[in-house]
Amino acid sequence: MSPAGPAARRAGARRAPLLLAAGVCLLAGLDAALVLLGLPAPVTGDRLPQVHGVLLVLGFAGTLVALERAVALGGRWPHLAPAALGGGGLLLLTPVDLAVPRLLLVAGATVLTVLYTRFWQRQPGPALIAQGAGAVSALGAALLWLGGLDVPRLLPWLVAFLVLTIAGERLELARVALLAPRAEPAFLACVGAVVTGVVTTLMWPAAGTLLLGAALLALVAWLVVHDVARRLLRSTGLPRFSAACLLAGYAWLSLAGALWLLGGPVAEGSRYDAVVHAVFLGFVMSMIMAHAPVILPAVLRRPLPYHPGLAVAAWLLHGSLILRVVVGDLREIRGAWQLGGALNIAAVLLFVLTAATSSVAATRRAAAVSTTTPPGPDAGPVPVPADPRNDR
């Protein structure tokens, strides 16, 4: 447990603007989603739908990943990564020339890649290889977008960024269960296949997409077999919630892999929508929900206790994705696609609102206890959950 003393709270407050930038990118991305669904949106504009994907992947999720890594490494300069990614995401919302935010995203992804080289100097391992490959994929996507490639061509790179980053994190936790000797080499083979598939999509899209789809399925199989989530599903409270989110996320990633393996490359239409949202909502957002009660307190030094409302938001997300992807996209029923998309947005907003209110209430309770309870000889600051990945 990590103490949330005055110094820790001040550090959390300094990081809050970076988290706020990620939040603004998320809200803007959800607004753009309404526009793309053909539904009324608070803000409309020609640029917003065009930058929707990059805004959410690099501006929102990229800032979160970079911020968590910067906190784990320590020091000030690592925070340049989330600052550049968040700043680039925010500039995508302005009339400034697109070259400026694109350059900032390249800078942020470059610093994120450098962070992993510093982690490697501390403690090399297969998990860092996967996460480093994810950062390189983010950098590749940012560079290719700067060079003028359209987002559908960047999709494999954006997918690899978050999938490999999350897979590396899950390997770190799986190692606690004493993996079999062949488990880590098999994991690295899956990572290598994903990277090979991503690079191949640039030169031979059909072959690369088939390879990438097969590699994602192999990676999901490895995670399902070795992840501790299967055992935690029998527990209660936060462990069960996190495990359920993880396993549901693996199911959506396997669907995306199967669609690529069986259908080949696609750049538009209902199958493209199915792949995109199976990965980034079904897998990535589910992983964010699973890890938020641990990661956010470690970053902001504010408690985030488990609340049943988090589970309601998670199951609304997955239920609405079934409506959107399985019924709307794969059966091409427009009404189901629109309703499912609107409920996707509602689920994400419900999760954010529940997490924020739960954290504020827990912080106030902790402050009330600290001011009304006389300090004893062993009294210390109110603890918040520490991120176990900081111990490298």
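1. The side chains of Arg324 and Asp273 form a salt bridge, with N and O 2.9 Å apart; a salt bridge here is a side-chain nitrogen of Lys or Arg within 4 Å of a carboxyl oxygen of Asp or Glu. Arg324 belongs to helix H13 (residues 308-329) and Asp273 to helix H12, so-numbered elements that lie 51 residues apart at this pair and are linked by it. Helices are DSSP runs (H or I, at least four residues), numbered from the N terminus. Both Arg324 and Asp273 are buried, where buried means under 20% relative accessible area, exposed over 50%, and partly exposed in between (1.4 Å probe, protein chains only).

2. The model is predicted: local features need pLDDT of at least 70, side-chain atom pairs count only at pLDDT 80 or more, and totals for chains, interfaces and linings use all residues. Residues are numbered from 1 along each chain as its sequence is written, and side-chain values use heavy atoms, with hydrogens and water left out.

3. How many salt bridges does a search of the whole structure find? The search finds four. One of them joins Asp227 to Arg170, with the closest N and O atoms 2.8 Å apart. Asp227 sits in the loop between helix H9 (205-226) and helix H10 (229-232) and Arg170 in helix H7, so the pair ties together parts that are 57 residues apart in sequence. Asp227 is buried, at 2% relative accessible area, and Arg170 is likewise buried, at 5%.

4. Arg69 and Glu68 also meet through their side chains in a salt bridge (2.6 Å, N to O), and both residues are buried. Together with Glu169, they are linked in a network of salt bridges.

5. The largest nonpolar core has 109 residues, and Leu58 and Phe280 have the most contacts inside it. Such a core is a set of buried Ala, Val, Leu, Ile, Met, Phe, Trp, Tyr and Cys residues joined through side-chain atoms within 4.5 Å. Helix H12 (residues 269-300) gives the most to this core, with 15 residues. Leaving aside residues up to four places away in sequence, Phe280 touches Val57, Leu155, Leu158, Val159, Leu162 and Met285; contact means heavy atoms within 4.5 Å. A second, separate core of six residues includes Leu67, Val71, Ile295 and Val299.

6. Leu296 and Ser359 are 63 residues apart in sequence and 9.7 Å apart in space, C-alpha to C-alpha.

7. Helix H6 (residues 126-146) has 21 residues and spans 30 Å from first to last C-alpha, close to the 30 Å expected; the expected span is 1.5 Å times one less than the number of residues. Of the 21 residues in H6, 16 are buried. Gly148, which follows H6, has a positive phi near 105 degrees.

8. Helix H5 (residues 99-122) has 24 residues and reaches 35 Å, close to the 34 Å expected. Its buried residues include Arg102, Thr113 and Tyr116. Among the elements covering the buried residues of H5 are helix H3 (52-73), helix H4 (80-91) and H6.

Notes
Helices (H or I, at least four residues) and strands (E, at least two) are DSSP runs, numbered from the N terminus.
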